[in-house]
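The following note is intended for a colleague meeting this structure for the first time.

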Amino acid sequence: MSSFDLDIPITFKHRIRFAKNVLDIHNPVLGELFPTGEEAKLIVFIENEILNHFPEIESELSDWLSAQPQLSLTAVVKAEGGEYCKRSELVCREVMDAIELHKIDRHSYVWVIGGGAFLDVVGFAAATAHRGIRLVRFPTTTLSQDDSGVGVKNGINLYQKKNFLGTFAVPYAVVNDFRFLYTQPPQLCRDGLVEAVKVALVKDPEFFSWIEEHLSELSALTPAILEECVTRSATLHARHIALGGDPFEMGSSRPLDYGHWAAHKAEQLSEFALSHSRAVSVGIALDTLYASKQGHLCSAQVEQVFRVLRGLHLPLWDDSFGLRNESGKLLLLDGLDEFREHLGGRLTIMLLRELGTGFDVHEIDHELMEECVMALENLPR
Ligand SMILES: NC(=O)c1ccc[n+]([C@@H]2O[C@H](COP(=O)([O-])OP(=O)(O)OC[C@H]3O[C@@H](n4cnc5c(N)ncnc54)[C@H](O)[C@@H]3O)[C@@H](O)[C@H]2O)c1
Ligand SMILES: [Zn+2]
């Protein structure tokens, strides 16, 4: 009998690019990502909404590819995006079918162009088909550019639970092309900035002050300020993942999930009528208020956070936060246990010590949390 432990050291390169109009044949950003001597197949998945706004994108793709002889395009596949695509296996199956039909292998590339939900679905299919195909993400919403697209996760919902099926998989590359930001409805574009507010609150006081100072430009979606905010947020997210020591979330601390335990539960309670970003806004408001009731923040700091969220026209309340069962129990509080279950291990919730500094707690006072929920409900709107 013998036994031994072996370390399996693996490093990944997380290639992240910020640019505008990357499919312009004169723009070198995209071409530099693909080695010239290495022939590879390519399949492109685009969500329908992007094709509605950018009908020229297919011809741009073929023009760009004509200057890249090492890449051979097998198909451009259109599919439905938005939260719908994560709610069942249908779109994931369409992606798998196309990968199989076009004989996409582990040396091929899957490109995905779409919002956070579509990236999650195509990313999940790409990470699991043949045990992993190289994925290039082109995020098209603010949220997917400033947060989810530069992350290393994918997933689809099952059992009414967000991201029940999913993997950790570092994409081959992420290309944040700012041109996509400007076809979003203005409120959707602003909503995605909530993840910038979140990462600033837990990691970077100076960035939070910058957001406060530029609130009116951010609210007006002034391009240079919007793009700077997206870049700073994406960089903080990516640096945390790459350098924070726990890229695949083996531990319990999840700073990038500040405000998310409640957000995920509220999304589910609303049957996903409430979007992720708007749920996160209320979740941030709730946990910020809770930290102040626990004596970690003063009321002026809570007001600063509320002012930023309000300035971006983000909500501090949604009715799903106040839903109760027949015996009067606040359903939202089940989200704490579900959050723990999804992460495994001990309950770990990030709270704020200062605006820009988070710390973990392992217990939540349910009565006090309920008080905070009711305080949010009673805020003037
Ligand atoms: N994998 C992760 O680490 C991670 C992290 C955070 C969030 N997420 C997930 O991301 C999803 C939310 O992403 P989202 O906020 O991008 O929403 P979304 O993908 O649902 O897109 C919102 C809407 O915008 C449309 N759209 C996309 N790009 C557009 C554009 N350029 N112009 C006009 N319309 C456009 C979509 O069709 C959709 O109707 C959620 O499912 C959330 O769970 C994943
Ligand atoms: Zn989020």
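1. Domain bounds in this note come from an automatic or database domain assignment. The shell around ligand 1 draws at least three residues from each of domain 1 (15–183) and domain 2 (186–377).

2. This is a predicted model, in which local features need pLDDT of at least 70 and side-chain atom pairs count only at pLDDT 80 or more, whereas totals for chains, interfaces and linings use all residues. Residues are numbered from 1 along each chain as its sequence is written, while chains are lettered from A and ligands numbered from 1 in the order in which they are written.

3. Around ligand 1 there are 31 residues, of which Glu49, Gly115, Gly116, Thr141 and Ser148 come nearest. A residue is near a molecule if its C-beta atom, placed from the backbone, lies within 6 Å of it.

4. Helices (H or I, at least four residues) are DSSP runs, numbered from the N terminus. At least two shell residues come from each of H1 (48–53), H5 (116–128), H6 (142–146) and H13 (276–293); H5 gives the most, with four residues.

5. Helix H8 (residues 194–203) packs against H13 at an angle of about 35°, with the axes 9 Å apart. Axes here are lines fitted to C-alpha atoms over the stretch in contact, and angles run from 0 to 180 degrees between N-to-C directions.

6. Asn325 lies in the loop between helix H14 (299–311) and helix H15 (334–343). Asn325 counts as exposed because it has 9 C-beta neighbours inside 10 Å, the cut-off for exposed being 12 or fewer other C-beta atoms, placed from the backbone, within 10 Å of its own.

Technical notes
Buried ≥ 20, exposed ≤ 12 C-beta atoms within 10 Å, placed from the backbone.
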